[in-house]
Amino acid sequence: MKNEGQLSRRQILAAAGFVGLATLTGCGGGGDGGDAKDLSKKQNGAMKEYRVGQQFKASKPLSFSMLHNDNPGYPYKANWLFWKEVTKRTGITLKPVDVPLADYEKKRSVLIGSGDAPFLIPKTYHPSEVAFVSSGAILPVSDYTHLMPNFQAKVKKWKLEPELDSIRQSDGKYYLLPGLHEKPKSGYSLSFRTDVLDKLGLSLPTTWDEVHQVFTAIKQQYPDRYPLSDRWSTNTPFAVGALQSYLGQAYGVKAGWTYDNISFDSTAKKFVFTGATDAYRQMIEYLGKLVAEKLMDPESFTQTDDQAIQKLLGEKSFAISANPQELVQTYRYNLTKQVKGATIEMVPVPIGPAGPVVLGGIRLENGVMVSSKALKSADFVAMMQFVDWLWYSDEGQRFCKWGVEGVTYTYSGGKYRLKDGISLMGSDAGAPKDLQKDYGFFNGVFTYGGSWALVSSSFSPDEKKFQDAMAQRRQLPIDPPHPLESAEQEQASLWTTPLQDHVTQNTLQFILGKRPLSQWGAYVNELKAKNMQQLVDLHNKAYERYQKENG
Amino acid sequence: MVRPSRSYRVFQGVNGVVLTLVVVVTLYPFVNIVARSFSGERQIRSGDVTLWPKGFNLTTYRIVFHDSEFWRSYGNTVYYTVVSTVVAMVLTTCYAYVLSKKQLKGRGLLVGVAVFTMFFTGGLIPNYVLVTSLGLKNTVWALALPNAISVFNLLVMKAFFESLPGELEEAAQIDGLSTYGTLLRIVLPLSKAVVATMVLFYSVSFWNSWFGAFLYMDRSELMPVTVYLRNLIAGATGGSNAGAATADLSQVGANIQAVTIVLTSLPILCVYPFVQRYFVSGVMLGAVKG
């Protein structure tokens with residue numbers, strides 16, 4: 001106890017000094033980007049003429065550091081054909097900084113925050129790049145897209161400007177090179193035990209009303225079981241994140257995984273609070289009905305994925321959310337082994353009051369951030385050309401996905417076929433090699449987006465059927481740009497989290513019937529007490545400002 | 001012998017029941033994991049496996065045993081643990097021994113410096129900048145040095161050294177031993193209990209730690225088995241978030257996870273029972289003196 005007096009003053013001062021110093025050095029990275037517009041001194045290794053359809057090849061060997069998201073399904077190997085072939089074709093050697101997928105975001109923040117980030121930072125999902133904008137550590141890539149002919153061509157051809165506008169910041173620039181899709185690709189929908197439906201003389205539902213009828217019929221046959229026991233409730237703030245997301249879509253509202261506090265009301269031409277809209281309430285009402293009529297397992301909202309799958313495989317439930325891969329690899333694979341005569345199929349997202357629509361904005365994928373340090377490098381132009389070729393050219397995308405023609409795949413009649421002895425995600429169980437694990441292709445870091453022909457080239461028959469049906473749907477308009485300035489951003493983030501928490505908690509209570517929907521008005525008032533209106537006003541102000549400044 | 005009172009016997013009964021329940025609750029997950037590691041994927045998926053393996057097979061063990069990635073990480077963990085523990089033991093013992101000497105000038109300051117770090121840290125990014133600019137990244141030193149002195153362990157050791165009779169050391173000095181001689185030949189042989197405890201504390205924490213390695217290692221061939229394991233489990237359960245490209249949605253078999261968990265915790269489990277008797281007495285010895 002006698003120590004305490006001694007440690008107080010001198011040590012606290014010294015320690016404060018250390019902390020201050022460390023913080024200063026920590027934030028010192030990034031910052032001055034040099035003369036941004038003059039690129040004449042940054043042409044080292046670049047091609048003089050680089051156009052769409054041309055193979056990028058650096059005029060001298062260069063290497064670029066890159067953050068690499070290490071997927072446990074296909075752990076990083078230095079001897080992947082991918083790395084060798086990239087160098088052979090482009091003269092560029094990629095130097096991956098390998099980060100385990102489980103904590104990719106954490107390490108990315110530390111590296112950027114400490115000024116130690118590699119030049120290329122792929123696998124970044126909008127809006128996580130926004131956090132780094134004010135530090136200056138990330139390059140406003142929209143200033144340099146003139147170095148990227150393939151990127152520009154695809155944006156123009158597929159009319160992606162409105163999508164790009166939606167990721168612009170308050171300075172009118174965007175800081176992420178997103179993956180570009182020709183057509184929206186849908187991920188999730190309901191899957192049903194078709195053999196059970198057949199036995200009951202039911203057909204696959206196409207609307208949410210029919211879903212309700214099918215569930216009711218199943219319930220009559222099996223009164224002690226739940227027709228639907230759903231998953232994707234853990235590791236996300238949203239209970240049944242997938243179901244809410246595609247059910248919300250049928251009501252034209254962003255819910256579940258896709259939830260966003262703010263959404264645009266295109267008739268009133270202004271932003272509104274998503275969790276207080278009528279469509280959102282109707283969606284809750286629908287789910288509440290399923291739970292109240294015991295058509296949906298109330299544990300759906302809390303159980304782990306494994307528990308939900310166990311119920312499906314144990315025939316305690318007959319429907320579950322799916323994506324094409326889970327459908328084939330988990331449900332069908334295990335069901336056929338465990339339940340005699342079981343078949344399961346995924347339906348195109350059932351249609352609701354909003355008609356046959358898909359949410360807008362899903363033609364952008366995760367993408368690449370570029371570290372501001374890269375701009376100071378003499379190799380900058382060559383690097384941007386390289387990024388353009390690898391991630392955005394037809395040839396580069398084909399290469400990342402399928403590999404080397406004649407070595408990993410053959411192409412004929414519009415179809416890609418893997419060479420014998422190479423498997424992809426279990427396509428050939430007996431094959432000695434795997435396209436991802438042993439060759440490094442079809443790697444999520446490099447493979448996403450592209451033309452519909454390329455994207456659909458890897459679809460299983462089930463997915464093809466699903467995606468073709470979904471591709472017919474009308475895309476809902478994208479929210480117009482409404483970027484916040486950094487002070488506003490801070491203010492908004494203080495309001496956003498408590499609001500979203502309140503929405504998710506009450507959504508669950510309404511659905512489970514713990515809070516009657518007659519209290520909807522009270523719920524909206526509670527949101528108002530949590531600064532809902534201020535948040536909406538902030539976004540509307542930003543929207544008007546952007547309109548005025550950028551037309 | 002006094003017969004225990006009635007209330008005491010009731011207490012013992014209740015105590016026994018409660019503790020048995022605690023043991024069951026603590027042991028169950030472990031037994032379950034071991035059972036899973038010997039079970040078939042199908043039985044795990046359908047939730048049949050509880051205490052006993054169902055669909056007994058050893059194929060998963062065979063697969064993991066042949067996974068060079070796993071053994072490389074395993075080797076890294078052994079290497080990091082050994083080096084870090086040695087470094088930590090040398091530094092902690094020396095520091096604690098010095099602090100146990102009442103006549104030392106500035107002793108309060110030295111204790112204060114250590115205790116200060118218990119309550120305040122520089123934070124993640126300054127730490128990262130420090131380690132990086134010292135050039136420790138991608139080396140074992142990035143893991144060994146920042147964690148070399150655990151203040152809790154230091155204080156326990158200091159208290160233990162203080163409890164040794166000063167006369168012993170005086171006698172040693174009269175017989176001509178230097179300071180280090182006294183420490184090595186007199187004090188340490190008398191402190192086996194606390195040394196064993198500290199070795200255990202340090203090695204378990206180094207064996208289980210993953211964050212340092214995750215932060216300071218940039219190449220997968222340098223990762224310890226904990227990071228490998230974490231990626232395996234988190235990757236298998238958290239990979240299916242919204243918008244993830246299909247290429248991300250890979251499944252790692254539930255039994256592979258179980259086998260890896262068993263193999264990772266095995267060494268610690270094997271060592272624990274044998275060091276345990278030092279363990280309890282070591283901490284207690286320090287504590288009485290306080």
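Biologist: How many bridges join strand E5 of chain A to E9(A)?

Modeller: Keep in mind that this is a predicted model. Strand E5 of chain A covers residues 189-193, and E5 and E9(A) run antiparallel. The number of bridges joining these strands is three.

Biologist: Which residue of E9(A) is the bridge partner of A:Arg193?

Modeller: A:Arg193 has its bridge partner in E9(A), a strand that spans 344-346 of chain A. The partner is A:Ile344.

Biologist: In what order do the three strands of the open sheet lie?

Modeller: Strands of a sheet pair through backbone hydrogen bonds, either parallel or antiparallel. Here the pairing is antiparallel. The edge strands of chain A are E8 (319-322) and E9, each pairing on one side only. The order in chain A is E8-E5-E9.

Biologist: By what angle are neighbouring strands of this sheet turned against each other on average?

Modeller: Direction is ignored for this average. The angle is 30°.

Biologist: Which helix of chain A packs on the sheet?

Modeller: The helix touches E5, E8 and E9 of chain A. Its direction makes about 170° with that of E9(A). This helix, residues 324-338, is H12.

Biologist: What share of the residues of chain B count as buried?

Modeller: A residue is buried if 20 or more other C-beta atoms lie within 10 Å of its own. Chain B has 290 residues, and the share that counts as buried is 32%.

Note on methods
Residues numbered from 1 in each chain as written. Chains lettered and ligands numbered in written order. Predicted model: local features only at pLDDT ≥ 70, side-chain atom pairs only at ≥ 80, totals over all residues. Pairing = 2+ DSSP bridges. Helix = DSSP H or I, 4+ residues; strand = E, 2+ residues; numbered from the N terminus. Axes fitted to C-alpha atoms, helices over the stretch in contact; angles between N-to-C directions. Contact = placed C-beta atoms within 7 Å. Buried ≥ 20, exposed ≤ 12 C-beta atoms within 10 Å, placed from the backbone.
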